[in-house]
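Please work through the exercises below with the sequence and the 3D view side by side. Try each task on your own before you read its solution.

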Amino acid sequence: MGSTGNKSEIRLLGTTASPYVNRVQFALNLKSIEYEYVQEDFKAGKSELLLTSNPVHKKVPLLLHADKPPICESQIIVEYLDEIRPDLYQLLPSLSLDRANSRFWATYIDTKVCSCLHLP
């Protein structure tokens, strides 16, 4: 799935150690969506592709889907993937209240757990 060499309609910019990037990779792999993984090396500085595609936050994960506008923030990317491939492994519940509850817990984990780790 997440190869580093082939040209794909979907590209994911990320870093290996990021739980936010891992969340998106998990969703892509679970839904069997082919994608190209583009490793960002922050020690060498952020790539021009990242800076021009995500000028507001300048961080990963960042999903590039063909000629569509870039999508940032892992929760938003996962929701997008669920919408473009609803036929396979629904990631979010179908009921509005249950989806809201899922978003609450994902945000809680992001702000309370991941932020304590000081990850990108």
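The model is predicted, so local features need pLDDT of at least 70 and side-chain atom pairs count only at pLDDT 80 or more, while totals for chains, interfaces and linings use all residues. Residues are numbered from 1 along each chain as its sequence is written, and side-chain values use heavy atoms, with hydrogens and water left out.

**Exercise 1.** Find which strands pair with strand S2, and in which sense.

*Solution.* Begin with the terms: helices (H or I, at least four residues) and strands (E, at least two) are DSSP runs numbered from the N terminus, and two strands pair if DSSP finds at least two bridges between them. Strand S2 covers residues 10–14, and four of its five residues are buried, where buried means under 20% relative accessible area, exposed over 50% and partly exposed in between, with a 1.4 Å probe and protein chains only. Next, look at strand S4 (residues 62–65), which pairs with S2 in the antiparallel sense over four bridges; here Leu12 has Leu63 as its bridge partner. Then turn to strand S3 (residues 35–39), which runs parallel to S2 and is joined to S2 by four bridges, with Gly14 opposite Gln39.

**Exercise 2.** Describe how helices H1 and H3 lie relative to each other.

*Solution.* Two packed helices are described by the angle between their axes and the distance between the axes. The axes are lines fitted to C-alpha atoms, for helices over the stretch in contact, and angles run from 0 to 180 degrees between N-to-C directions. For H1 and H3 (residues 74–84), the axes come within 9 Å and cross at roughly 5 degrees. Angles under 35 degrees count as roughly parallel, over 145 as roughly antiparallel, 65 to 115 as roughly perpendicular and the rest as oblique, and H1 and H3 are therefore roughly parallel to each other. Finally, list the residues in contact (heavy atoms within 4.5 Å): Tyr20, Arg23, Val24, Ala27 and Leu28 in H1 meet Ser74, Gln75, Ile77, Val78 and Leu81 in H3.

**Exercise 3.** Is helix H3 largely enclosed or open, and what do its buried residues pack against?

*Solution.* Count first: eight of the eleven residues of H3 are buried, so this helix is largely enclosed by the rest of the structure. Among the buried residues are Glu79, Tyr80 and Asp82. The buried residues of H3 pack against H1, S4, S5 and helix H4 (96–113). Cys72 lies in strand S5 (residues 71–72), and its contacts beyond four places in sequence include Ile77 and His57.
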